[in-house]
Each structure stands twice: as structure tokens, then as C-alpha cells.
Amino acid sequence: MKETELLNLDANDKFLNDFLTVLNDFKLGEEKKTEGLAYYALKNGKVTLDDLNKNLPKTIEVVNILMRLDNINYSLLSEEAEKLRNMFFAITKDIRIIMLKIAFVVAELRNVDDKDEEYKHALANSILALFAPLSARLGLSYYKTELENGAFKLLNPQEYDRIQLEVDNRYHKRQPIVERLTALVEDCLKELNITGKVYGRKKHIYSIYKKLQNHNFDNIYDLIAVRAIVKTVPDCYALLGRIHSKVEPLQNRFKDYIAIPKSNGYQSLHTTVIFEGFPVEIQIRTEDMNNFAEYGVAAHWVYKEKRKQSPFDARIAEIRRLMEGDTPVEELADSLNRDIYDGEIIVQTPKGKVVYLPKGATPIDFAYAIHSEIGNKYVGAKINNKIVGQSATLHNGDVIEIITNPNSKGPSRDWLKICKTSTARNKINAFFKKNLKEENIHLGKTMLENAIKDKGFSSNKLLNKKSMEDLLAIYNFDEENELYANIGSGAISPKIIANKLAQQYESNVKTALNPKVNPQININEPKENQIKLPGMNNILIRFAKCCQPMYNDDIIGFISSGRGIIIHRSVCPNTSYFRPERLVEASWKPQPTLEKKAQFKQKSTK
């Protein structure tokens, strides 16, 4: 094989040969086999990424995905198992890549003897929580059994040996019974003129261990079983009927997985019979069903290159749809399709905690998703051990380490334009409201006094007890300092407050001089015809209620969907969330002075 030479592989390497054996069983084709070998060679230092780019460039994409799977931290498997499986599929999105990884793990398990205990336990835990359930959901029962038994033996060798000894003893005692039952089933096949084969089998160790959590050995009826493999589905039911006519079936122990297959596609007839005083399970299935039960997807995989969709392609799609439903943690809890993760990414902390974030999220979003204080003390980040900027984009499977400084003064307001999650924005705003409140109170009071002065009034004249009570009621604040703090933080415009106070004062004065004047008239309320939009005419204009722009405020326009141009103050916090391409330049048209208004009024009365 030319690729073997390019990858500097040793044909006598046992790990490599075990890996190849499983890949051949999976029947993924030469292309996927080459990608798997490239991954193996890279992990073992036989080649570099530059070598692969030069000699086998088509393998790079899959090799990178497999290497990213290695970055996943499995240390919190007991708490994060389901999320880790979700991350696994979010990264791969391809059944064949998943199978490449499973094949590698099988080879890893077969060659673990020279590793230390910590390595063995980490591998075993990842197998039981992740790779064995994945194999089960894909129907790879042969390898699921090998993975479970091997991992269990690594974690609890004494219990493994105890169960194996008990099974061997019981099987040894019952072996003549199983052989006679096997002969009876073979006679049934001959009587029905059905071609098939019959053999006995033992339940595997880890499966028995799990059953022993709730039962004792005497209540495990499928500890030893007889399996019959026939040609057709009618043969299955015919053989079942003949067996039941000769031996007594145990009530409530019959399962028809042919009529109603398991969610992973498994099909078979299961019945437990009493034979010579012992309960023995009999399984009846066709060759295709047995092939699928042993190797699942691998036994039927066909490339989709240049052909129409086959019935098995449809079966894979059905398996994917089934996996979107609610399933136990010990099984795969998600779809292979990954549609539910469109627009969403899954990343990890260095300790293995899984975090879900929207697509395009940044290290700042990640920091605040972990904890408010982590975000507030953020000074830098590493993605996959590389220092990155605060606006870097996160991707599925990334491992993010946040660098903090206890002496940090807190977040920057610029972060509000960088982060993508409302959680981060809310926590940043909460920081400013809480930690800078005293500063904002002082600043807000000064800003309001200056705005009042710009209107030509003194603070003492406008800021009296009655006017302050009215303002607190309007903005739903309990005390003056809350109003000043919001002005200082930029949440409320001091010009708006000054305008309201001036209007109210002028209204009160006019009412006192002329009681017939309607005090509700707002003579300074901005009008649409006061707005200038360069290059735009006959456009519907509205004023934003969030910031209430007044004449002479610096303003900007926002192109809304079906509501025309919305005018905001340039400093309105909401504008930072708008898409830049929907913001337009806006300004106020020059307005006549009070003196010119008076002259115009005199002319109109003559």
C-alpha cells in the first residue's frame, strides 16, 4: 500500500494491525482507511502535518477533526457524559469519522497493558461513558461488548474475575443442557426443511455485572442462550412455533424485535424456555439481522458517491431521527444529524466542564458563562493552549482557558460590542451599575446641572422637591441617587431630563399667568420635519422611546423593518447592538431663533 510507505508505518506494529483489523471489519473503504492511518501516524510521530499536507492533502480535514476529538477533556465524564457525546457529534457530523475513532479506541484498549493505572482508568471511563454507548447506538454490538468488558476489567479486575468464574462454572454445569437444546433446535430446522445454523453463547461479563445490581445469578435468564440463524423472516416465525410446540415457553419472556425493532435497528425474536428444569433464552434471527446486530452500520455502509439514495441510507436517516428523542444517558442522547446545533457551539474548560454558546461567541462570552467574577477579572484567554485576542471566535470542541487578574478594575465598555450573549452583556452592565454607582451618582448630578445650565436655567429653580418626585415617578426610581446613577452611566440622557424640567417650569409659569393655557402642550417636542437624512426623501420617521432624542442632541438613524427610520441619540446604549449597515447619518435641520419666531408672529397678526 503506497500510503503505508508515505506514512512511515511499521507493518509489525501490533497496535497498527489491531487498528487495521477493526477498520477492515467496518468496511469504510480505502479513502477512510487512509485517513485513519494518517491520524495514527500523526499521533505516533511518524509524520507531521506538513508531511500530510504535502503527500496526502485529502486526509487533512478528517485528521484535524480526529485530533480535535483528542482535545476533549473526559475527566468529568460522570457529570458531563451526555454533553460530551453531543460535543462529539457536533465536531464530527459524520458516522464514518465516529467509526474511525471507535476503531482507534478498540486498538488502544487491546494494547493498554504497558500503560500506567491512571491512563488505564481514564481510557476505561471514557469507553463506558462515551465510546461503548456510541457503538451500541450504531449497532456495533460485537465491539460494544469488547469495549465494555475490557473497560470493566481495567476498572474492577477482581469483580470481573469473580463474575467470569461464576459464569464459567454455571456454563460448564449447563453446557450438556445447552448442547442438547441446540440439538433440539437443529432437529426443528430439519423437520421444517429450513436451512440455518444453531450455537450456544454466554452473556458477556459487563452486561451480567449491570444486571447483578438488581438481580442475583439465579434470576438472570439469558445468562446462557441458544441462537439460531436462518435465511428469511418467515423461517424465524416458523422455527419459533415449532420450538414452542416441543418445550414450554416462560410467560412474559417473549420479545418480538422483528415486528418492532429497537431504536438502533436491532431485530430478532427472543424467547425463554424451560428445558430440563433450567430457563434458557433462545434468539432467532436472519443472517442479515445477525450481521446488523454484530456490526451495525459497518456491515452495510455504502459510499454515496454518484448514486441515488439506497434503502440503507434511508435507514441511517431514520436512526438519526430516532436519536433526536429523549433517551437514557447510557445511550446516545442525540442525533447524528446535528441539526439541533445549527448556530450553536459546544466548548470546554481545561477541567472538562462543557459550555454551550451561540455561534460566533468570544472568550468574553465564555468567561461570563463560567462565572461573573471570572468575566469581571478577565485579562486574556487561551484557545487550545494558544493565546488569543478577546474578540477571537470560538469553535466546536475548543478548550478555553481564561486568564484573570485579581487586581483588574473590571470590564471595558467596549466589551459590550464584542460579546454575543445577553448573559455577558447583562453581567457587564450589572458591574457598571453596581461597582461604579458612586462615581456615576456624582457624574450624573454634574451632567444634569450642566444640561440645565445649557437650557438657560439654574438648578435651584428647576430641581425642587415636586419636580424630583415627578421624575422619580416617571422613571420608576425610589430615590434621587438612582436617577443620577443612570444619568452618569449613560442609560438616561441629561438633556432629556433638562428638557422635561424646563418644559414643566415654563408650563407652570404660563399657567400661573394665563389659566386658560393647556399645560399639557409640549412646545419643545421634536417633529419629523426637523430631521435631515442625506440622500433620503419622503421617508417615515419615528423617534426612539428608549432615549427620547431632543432638538440639538447628536442623533443617528436606524433602518427598521417596516417602521421607517427610527431616530436615536448617538450615545443611546441600544445602538451598539444594531447591525452597522442599518445605521444611517441623521442631523437636525436649522430652526428659527426665538427672535425670528416673534417677528414672524407679529407679521402674521397684522
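Predicted model: local features only at pLDDT ≥ 70, side-chain atom pairs only at ≥ 80, totals over all residues.
The chain has 606 residues, of which 45% count as buried. Its secondary structure comes to 24 helices and 17 strands. Contacts between residues at least 6 apart in sequence were examined for their reach along the chain. Of these, 64% join residues at least 24 apart.

Four strands form an open sheet in the order E13-E15-E14-E16. The pairing is mixed. Strands E13 (541-543) and E16 (583-585) stand at the edges. Each has a single partner strand, so one side of each is left without a neighbour in the sheet. Neighbouring strands are turned against each other by 35° on average, direction ignored.

The pairing can be followed strand by strand across the sheet. E13 pairs with E15 in the parallel sense, over three bridges. Here Arg542 stands opposite Ile566 in E15. E15 and E14 run antiparallel and are joined by five bridges. Strand E14 (residues 555-559) also pairs with E16, again in the antiparallel sense and over three bridges. Strands of a sheet pair through backbone hydrogen bonds, either parallel or antiparallel.

E14 and E15 also form a hairpin, with five residues between the two strands. Gly562 lies in the turn and has a positive phi of about 85°.

Strand E15 (residues 565-569) deserves a separate description. Five of its five residues are buried, so the strand is largely enclosed by the rest of the structure. In a regular strand the side chains alternate between the two faces of the sheet. In E15, Ile565, Ile567 and Arg569 point one way. Ile566 and His568 point the other way. Burial holds for both groups, Arg569 and His568 included.

Two helix contacts share helix H3 (residues 30-43). In one, H3 meets helix H5 (residues 60-70), and the axes come within 9 Å and cross at roughly 50°. That angle makes H3 oblique to H5. The crossing is right-handed. H3 contributes Lys32, Glu35, Ala38, Tyr39, Leu42 and Lys43 to the contact. H5 contributes Val62, Val63, Leu66, Met67 and Asp70. By class, the residues of this contact divide into seven nonpolar, no polar and four charged.

In the other contact, helix H2 (residues 14-26) packs against H3 at an angle of about 155°. The axes are 11 Å apart. Angles over 145 degrees count as roughly antiparallel, and H2 and H3 are therefore roughly antiparallel to each other. This crossing is right-handed. On the H2 side, the contact is made by Phe15, Leu16, Phe19, Leu20, Leu23 and Asn24. On the H3 side, Lys33, Gly36, Leu37 and Tyr40 take part. The residues of the contact of H2 with H3 divide into seven nonpolar, two polar and one charged.

Two buried residues in other helices were examined individually. Val185 is found in helix H10 (residues 157-192). Its relative accessibility is 0%, so Val185 counts as buried. Neighbours within four places in sequence were left aside in listing its contacts. The remaining partners of Val185 are Val198, Val226, Ala228, Leu239, Ile243 and Ile282. Ala228 is 43 residues from Val185 along the chain. The C-alpha atoms of this pair are separated by 7.8 Å.

Glu148 lies in helix H9 (residues 141-155). This residue is also buried, with a relative accessible area of 6%. With neighbours within four places in sequence again left aside, Glu148 is in contact with Leu128, Ala132, His204, Tyr206 and Lys210.

Key
Residues numbered from 1 in each chain as written. Heavy atoms only, no water. Pairing = 2+ DSSP bridges. Axes fitted to C-alpha atoms, helices over the stretch in contact; angles between N-to-C directions. Parallel < 35°, antiparallel > 145°, perpendicular 65-115°, else oblique. Left-handed = near helix turned anticlockwise from the far one by under 90°. Contact = heavy atoms within 4.5 Å. Nonpolar A, V, L, I, M, F, W, Y, C, P; charged D, E, K, R; others polar. Buried < 20%, exposed > 50% of the residue type's maximum accessible area, 1.4 Å probe, protein only.
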